[in-house]
Amino acid sequence: MATQIFWRDRALPFVESRRACRSHACYVPHAHDTVSIGAVDHGTSLFSSDGTTTRVMPGSLVMVPAGHVHACNPEPGASWSYQMLHLDRDWVHAVLAESDDDAAAPLAHPAVGHARAAYEQFCALNDLLFSAADPAEKETALIEFVGGRGWLPAPLPGAQPPRLAPVRLKRIVALLEEDCGERLPVEQLAALAGMSRYAFIRAFRARTGMTPHAYQLDLRIRRARALLRAGRALTDVAHELGFADQSHFQRVFKQRVAVTPGGYSRCNAHDDV
């Protein structure tokens, strides 16, 4: 049975994603306002553009620039499964421009890539987008994916992450600790570091082992454990630490403590948690 689902979030208006499984649907030539990245999961796709048709095998990525006329369909009489990510053109150009002044150059023509690592990165990103993860975590992953350029036809060679000066790292960590219950946009933190968003995320991860958002979540859970040990109510703790709702609090807490907040608060002083 064919299925098709969409994901979008008002907190991230620059992105939309789609998943289609065992689809027989065919498209006439058309264009998108977005930079579109497709991944073929199963079956074979026929990608038509500029008067040529290319067979696209499973595990491949297809990049289509905004405004470019194309069609991507299964082979006659067959079905295929695919994922499609639509990204606002200006947002993509802004992320790419943070590491390359000529950001629009690689987006001039459609391209098909067969790198397994790029396909796996795309799938991991889309899994995250369709999950219940926090929008800030999704935004960070999108910036890393787009800025990493693995989805482009000729990605830049890998480079060492930029260095984040210790004094700036100390200042940013202090801010995260002080306001761990507040949502601190990556743009604000990057500005304090004197870096672009993409460079800052890479530099921060290199120094701490986590993205800025993951680091702040970790701080929240450390604070939550202390508050729960002090006998605070679960709802009060979740609200004070800025979690969207109880389910979000429980999911993040269990990922780091291996027990729910309720289970943790019921543990006596002799339990080793």
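**Exercise 1.** Starting from the polar contact that the side chain of H86 makes with the side chain of T34 (3.2 Å), describe where H86 sits and which residues H86 touches.

*Solution.* The model is predicted, so local features need pLDDT of at least 70 and side-chain atom pairs count only at pLDDT 80 or more, while totals for chains, interfaces and linings use all residues. Residues are numbered from 1 along each chain as its sequence is written, and side-chain values use heavy atoms, with hydrogens and water left out.

Step 1: A polar contact is a pair of N or O atoms within 3.5 Å; within protein, one must be able to donate a hydrogen and the other to accept it, and residues adjacent in sequence count only if both atoms are side-chain atoms.

Step 2: H86 belongs to strand β8, residues 80-88, where a strand is a DSSP run of E with at least two residues, numbered from the N terminus.

Step 3: H86 counts as buried because its relative accessible area is 10%, and buried means under 20%, exposed over 50% and partly exposed in between (1.4 Å probe, protein chains only).

Step 4: Not counting residues up to four places away in sequence, H86 touches F14, V15, E16, H32, T34, V35 and S36, contact being heavy atoms within 4.5 Å.

Key
Helix = DSSP H or I, 4+ residues; strand = E, 2+ residues; numbered from the N terminus.
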